[in-house]
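Please keep the sequence and the model in view while reading.

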Amino acid sequence: RSMKRSEGEEVERPHAVCLPMPAQGHLNPMMVLSTFLHSHGFTITFIHTDFDRSRLLRSGGPAALRSTETFRYASFPDGLPPSDIEGNRHTPASGPKVTLLVWDGITSFGRRAAEALGIPNVMFWTASAAGLLSYLHFPELVARGIAPLKDESYLSNGYLESRVDWIPGMKDITLRDLPGVLRTTDPDDIMFNFVKDEAMSAHEASAIFINTFDELELEVLTAMASKLPPIHPIGPLSLLLPNHQAASMASNLWKEDGRCMEWLDQREAESVVYVNFGSVINLTVETFKEFAWGLVDSKQYFLWVIRPDLVPGSGLPEEFWEAARGRGLVVEWCSQREVLMKASVGAFVTHCGWNSVLEAIAGGVPMLCWPAFAEQTTNCYYACKKWGVGVEIGEVVRREEVTRLVVEVMEGEKGKEMKKKAAQWKEKAHRTIKAGSSFTNINRLLLV
Ligand code: UDP
């Protein structure tokens with residue numbers, strides 16, 4: 001619990017409690033941050049929900065969550081346990097005095113707890129800065145009568161193409177590019193109101209750390225700077241830790257299948273299309289089929305990660321594998337961070353979750369974007385329209401379009417342009433985290 005500063009002098013180790021939103025895209029960056037703090041002398045208490053804890057143990061084995069004296073795991077119930085209903089209280093876990101609480105932008109109850117206890121705390125936003133800036137303007141969407149939408153017809157009558165020229169830092173954006181959660185007609189929509197209210201808690205933070213980097217989101221970060229507490233971009237966090245340390249983090253909710261690494265190593269440079277829709281979204285059987293046939297018809301090599309719960313009750317039929325002629329590999333989960341670093345990966349079909357986008361940028365891989373919800377639509381807009389590293393697949397997926405775009409990115413002129421841009425962003429990403437502003441900013445966290 002304590003560190004020796006010099007002979008005879010004992011100092012208390014600082015102790016950070018890290019409270020992520022219990023979802024894969026939040027656990028990963030929070031785990032990187034915690035590992036960083038730990039390697040700089042912090043004691044860590046990393047908080048899971050009981051549900052995630054049991055999943056992590058299933059995917060990583062009992063060793064995955066074994067606490068040490070200085071890196072401790074704790075968990076809390078996800079539902080109301082009987083003891084609460086009976087009016088009893090949980091016994092607080094004992095441990096060293098907490099000196100810092102790191103709350104996820106959408107676990108703002110952590111901030112309130114820290115304040116009540118008088119503990120210094122910081123907000124860690126794991127999504128894009130553009131996502132945060134968008135959510136911060138949700139109250140104005142309501143005030144202007146834009147959201148909730150008046151009725152369902154507004155989803156298809158061209159209304160979503162309207163320009164939004166009143167969000168500073170996002171000049172050319174349209175309603176369609178803002179987070180998809182605004183596409184609701186229900187004033188009590190749970191997701192809309194949740195993200196709106198949670199994002200507003202940024203105003204109460206003592207400091208905000210974001211998994212992005214200055215050059216990537218400069219306009220947005222500049223626009224936010226005058227409105228919010230101090231903002232420190234610290235990404236891409238997937239590049240922060242040495243490989244062995246990142247690989248040993250216990251944060252996979254699904255069991256990793258390492259076969260794909262060897263398979264990728266056997267392929268030629270930039271010859272594989274990597275397809276992964278992240279940890280949350282589901283595909284309809286129809287959409288799944290269109291992606292599958294679009295991919296096979298492109299005649300490219302492909303690695304497709306199909307989570308067991310990606311598509312309800314549907315596998316790939318025999319005819320698919322016959323048509324794929326040994327060009328494809330399907331696994332249930334992979335280490336995406338590592339896959340996107342492989343030289344053989346030439347393109348990434350992605351739902352544009354922020355971690356996926358940043359990991360693609362860190363690996364210099366161009367993207368075929370098919371955003372589904374939350375701020376994925378916003379990330380897609382930036383990848384395609386601002387950074388030049390993405391092309392968008394239409395919302396209603398058609399196999400011919402998938403084939404055309406895959407071939408274009410893998411072999412066409414557009415693909416060449418995108419690869420050039422992607423290589424430039426990759427270099428900037430590595431530079432900022434190794435010795436640039438992200439490096440400087442993450443070290444500020446040690447001083448909070
Ligand atoms: N991920 C992974 N293996 C997979 C799928 C996803 O390691 O097979 C990781 C991915 O690298 C990323 C996170 O899970 O860090 C997903 O977060 P993202 O923000 O991209 O999307 P979400 O899952 O939240 O929609």
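This is a predicted model: local features need pLDDT of at least 70, side-chain atom pairs count only at pLDDT 80 or more; totals for chains, interfaces and linings use all residues.

Helices, as named here, are DSSP runs of H or I with at least four residues, and they are numbered from the N terminus.

**The shell around the ligand**

- The ligand is surrounded by 19 residues, and the closest of these are Gly25, Gly278, Gln336, Gly353 and Ser356.
- Two or more residues of the shell are given by each of helix H1 (24-39), helix H13 (336-339) and H14.
- Sorted by class, the residues around the ligand are six nonpolar, 11 polar and two charged.

- An open sheet is formed by six strands with parallel pairing, and their order is S12-S11-S10-S13-S14-S15.
- Its edges are strand S12 (328-331) and strand S15 (390-392), each of which pairs on one side only.
- On average, and with direction ignored, neighbouring strands of this sheet are turned by 20° against each other.

**Strands S10 and S11**

- Within the sheet, strand S10 (residues 272-276) and strand S11 (residues 301-305) are paired in the parallel sense over five bridges.
- Valine 273 has phenylalanine 302 of S11 as its bridge partner, and asparagine 276 stands opposite valine 305 of S11.
- Strand S11 is largely enclosed by the rest of the structure, because five of its five residues are buried.
- From S11, Tyr301, Leu303 and Val305 point one way while Phe302 and Trp304 point the other way, and all are buried.

- Strand S6 (residues 100-104) is mostly covered, with five of its five residues buried.
- Leu100, Val102 and Asp104 point one way from S6, whereas Leu101 and Trp103 point the other way, and all are buried, the aspartate included.
- Strand S3 (residues 15-19) runs parallel to S6 and is joined to it by four bridges, with valine 102 of S6 as the bridge partner of cysteine 18.
- Strand S7 (residues 121-125) likewise pairs with S6 in the parallel sense over four bridges, and here tryptophan 103 stands opposite methionine 123 of S7.

**Helix H7**

- In helix H7 (residues 190-200), the buried residues are Phe192, Val195, Lys196 and Ala199.
- Seen down the axis of H7, these buried residues fall within an arc of 100°, so they line one face of the helix.
- The elements against which the buried residues of H7 pack are helix H5 (129-136) and helix H6 (138-143).

Conventions:
Residues are numbered from 1 along each chain as its sequence is written. Two strands pair if DSSP finds at least two bridges between them. Axes are lines fitted to C-alpha atoms, for helices over the stretch in contact, and angles run from 0 to 180 degrees between N-to-C directions. A residue is near a molecule or strand if its C-beta atom, placed from the backbone, lies within 6 Å of it. Ala, Val, Leu, Ile, Met, Phe, Trp, Tyr, Cys and Pro count as nonpolar, Asp, Glu, Lys and Arg as charged, and the others, Gly among them, as polar. A residue is buried if 20 or more other C-beta atoms lie within 10 Å of its own, exposed if 12 or fewer, and partly exposed in between; C-beta atoms are placed from the backbone. The arc is that of the directions from the helix axis to the C-beta atoms. Two residues are in contact if their C-beta atoms, placed from the backbone, lie within 7 Å.
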